[in-house]
Amino acid sequence: MEKKMEKRQSRRDISFSVQARSLDTESSEMIVEGKAVSFDSPTVLFTWNGVDYYEKIDRNAFSEAKMDDVIFNYNHGGKVMARTRNNTLTLDIREDGLYMRADLSGTEEGRKLYEEIKGGYIDRMSFQFTVKEESYDSETHMWTVYKVKRLYDVSAVDIPAYEDTSIEARRHSILEAEAQAQEQREREAAAEIRMRKLALRTKLLTM
């Protein structure tokens, strides 16, 4: 039987804050700190036929997520600049979101990226993950991620756009769900009409 591959999804989030701390005259940390994920914060995922479709990450979404080897890089690609496995990247789940702290001093690419972030050329984040549990509300057009299965990376990004393939998958799922909901409403309405006709016919026969 063919094994279904899980699709990684990418989402943007908010700005970095950065600071440098000198340890001594020969070395220094190059620390990048930021909020990688905001909880319970609806974001417009896409617009379709004039309707905004939203997504939010539940505040408990990372409670069971696999996060033992998360990496930090640039635009979800290229050389790894920090990672949780060697303690150059740390993650902190708080009430309002998932925060990160990365020391970029260990690689040449990381040091260059640090200077670009510090200079304000790059100030956005994105995270890459797979979903374990989610749901869609057709009335509010809200997609909620309740459980993240695995977090792969938190990245610095220059253009904070959602990954097109992720959006296409979401759009297909949402429109399919709404089509099914519409079919269900039509079936219920048809059943209601049939019941009313039957009740009227019964009433007429007993008169």
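This is a predicted model: local features need pLDDT of at least 70, side-chain atom pairs count only at pLDDT 80 or more; totals for chains, interfaces and linings use all residues.

I started with Trp143, which is buried at 7% relative accessibility. Buried means under 20% relative accessible area, exposed means over 50%, and partly exposed lies in between (1.4 Å probe, protein chains only).

Residues are numbered from 1 along each chain as its sequence is written, and side-chain values use heavy atoms, with hydrogens and water left out.

Next I looked up the ring partner of Trp143. Tyr136 and Trp143 form a tilted aromatic pair, 5.5 Å centre to centre with 35° between the planes. Rings of Phe, Tyr and Trp (its six-membered ring) pair if their centres lie within 6.5 Å; planes under 30 degrees apart are stacked, over 60 edge-to-face, the rest tilted. Tyr136 is buried too, at 17% relative accessible area. The structure has four aromatic pairs.

Then the core: which residues touch the most other members? I found Phe62, Phe72 and Leu104, in a largest nonpolar core of 37 residues. Such a core is a set of buried Ala, Val, Leu, Ile, Met, Phe, Trp, Tyr and Cys residues joined through side-chain atoms within 4.5 Å.

Last, I checked Phe62. Leaving aside neighbours within four places in sequence, Phe62 is in contact (heavy atoms within 4.5 Å) with residues including Val37, Ile57, Met67 and Leu151.
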